Amino acid sequence: MELQRNHQTTYFVSLENAHKFVEGVLIGNKVCPEHAAIVARCLVQADARGVDTHGCNRVPSYMRRIRQGVLQPSPHIQVKAISPVVHQVDGKNGFGFVSATLAMDACIKSALDYGIGMASVKHSNHFGMSASFVMQANAAGMMSLVFTNSSPALPAWGAKDRLLGVSPIACGAPGGADGDFVLDMAPSIAARGKIYKALRREEKIPKDWALDAHGNPTDDPAAALEGVMLPMGGPKGSALAIMMDVFSGVLSGSAFAGEVTGPYDPSKASDVGHFLLAIKPDLFMSSKEFRARMDYLYQRVTSSSKMAGVDRVYFPGELEQIQAQLRKSTGIPWVQAEIDALNAEADLVDAPHLVIGV
Ligand SMILES: NC(=O)c1ccc[n+]([C@@H]2O[C@H](COP(=O)([O-])OP(=O)(O)OC[C@H]3O[C@@H](n4cnc5c(N)ncnc54)[C@H](O)[C@@H]3O)[C@@H](O)[C@H]2O)c1
């Protein structure tokens, strides 16, 4: 299937082929099959949900880090139990996707036995879309919080220097018939990945997303990447970014206070920290009652009377869920430049190219 968008043809790749492609490139770069499967699942899940900024297009930047020796392709990552409900993970500079998946697994196991489980992860890397780990918890019937810190991109409110990460805050709860609650949001007006995506696609960005290096609003993605992202809600957004750093960086022993290295900077290890929490939702009532109450909340939210110009009121995570349902059959839309960049990675390690078509 092909589509014309912004004068660029869009090609569609099936989720299965994208997964196989990513695994092939990763294994070609000495990532063990077990870790490659986790990374591929998270990246394809992001593309499937329409979070294109944190999907397979990230593969070239991750592979550059491996080639540069600043990301370990397959470290042996162990989960250390500090107490029956508290876990510590040293990511050993491997993929953040792997450390966070193992950490959430441990949280879920503790929550099943004790009602709650938390994990702190240090010396990790970028873990992509936070919702991946929220959805892992939802699938196990658990509520969750998923925090990470990230490289400096936002100023503290009132300042003009980059200090805080555009670090997403994510949480979830399993729902009933109407689907799960999945909140996953960066504390900036827009995620920085959206600026990289605009740059790749030669598109302009809205003027309220970022300032250029001189502190002026800009619609040029390249100029925005030289400047700072703007926090959502002014001081409230920068306070949320500080909160992500307290829980993910200060608490874990990883880099913090502006010292995390960005995923596009292959000069040194990132040293990202994460914080994950799982809670069993049937601690105070039956699971059936909890899910029925979630359904009631969903109904109340989505049947609210709409403001002018709005067709439908959505529950957090619902738009992405609708997109995931659609992309199961359409596949993932990519422009030629994106396909070429991915296939160039495959060429470097003699892995199979993407197959266009579903
Ligand atoms: N790992 C990292 O360091 C890092 C850094 C930044 C962003 N990210 C990822 O980038 C992704 C995008 O972040 P974002 O802040 O741009 O997300 P977004 O603004 O697209 O969505 C934020 C939240 O709002 C909800 N939402 C959006 N539109 C809605 C509507 N009309 N009605 C109801 N709910 C709605 C979404 O379901 C989502 O939960 C996230 O997956 C995030 O984890 C990762």
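**Around the ligand**

Author: Of the 26 residues around the ligand, S150, P168, M185, A186 and A191 come nearest. Strand 10 (181–185) and helix 10 are the elements that give two or more residues to that shell. This is a predicted model, where local features need pLDDT of at least 70, side-chain atom pairs count only at pLDDT 80 or more, and totals for chains, interfaces and linings use all residues. Residues are numbered from 1 along each chain as its sequence is written.

Reader: How do the shell residues around the ligand divide into nonpolar, polar and charged?

Author: There are 14 nonpolar, 10 polar and 2 charged. Ala, Val, Leu, Ile, Met, Phe, Trp, Tyr, Cys and Pro count as nonpolar, Asp, Glu, Lys and Arg as charged, and the others, Gly among them, as polar.

Reader: How do you know that the span of helix 10 agrees with what it should be?

Author: The expected span is 1.5 Å times one less than the number of residues. Helix 10 (residues 318–330) has 13 residues and should therefore span 18 Å, and its end C-alpha atoms are 18 Å apart, so the two agree. Just after helix 10, G331 takes a positive phi of about 90°.

**Helices side by side**

Reader: Why are helix 3 and helix 11 called roughly parallel?

Author: Helix 3 (residues 59–68) and helix 11 (residues 336–348) pack at an angle of about 30°, with their axes 9 Å apart. Axes are lines fitted to C-alpha atoms, for helices over the stretch in contact, and angles run from 0 to 180 degrees between N-to-C directions. Angles under 35 degrees count as roughly parallel, over 145 as roughly antiparallel, 65 to 115 as roughly perpendicular and the rest as oblique. So helix 3 and helix 11 are roughly parallel.

Reader: Which residues meet there, helix 3 against helix 11?

Author: V59, P60 and M63 in helix 3 meet A341, L342 and E345 in helix 11; contact means C-beta atoms, placed from the backbone, within 7 Å. By class that contact has 5 nonpolar, no polar and 1 charged residues.

Reader: And why is helix 1 oblique to helix 11?

Author: The axes of helix 1 (residues 15–28) and helix 11 cross at roughly 40° and come within 8 Å. That angle makes the pair oblique. F21, G24 and V25 in helix 1 meet L342, E345 and A346 in helix 11.

Reader: What makes helix 4 roughly parallel to helix 5?

Author: Helix 4 (residues 96–114) and helix 5 (residues 131–139) pack at about 30°, with axes 10 Å apart. That makes helix 4 roughly parallel to helix 5.

Definitions and conventions: Helix = DSSP H or I, 4+ residues; strand = E, 2+ residues; numbered from the N terminus. Contact = placed C-beta atoms within 7 Å. Near = placed C-beta within 6 Å.
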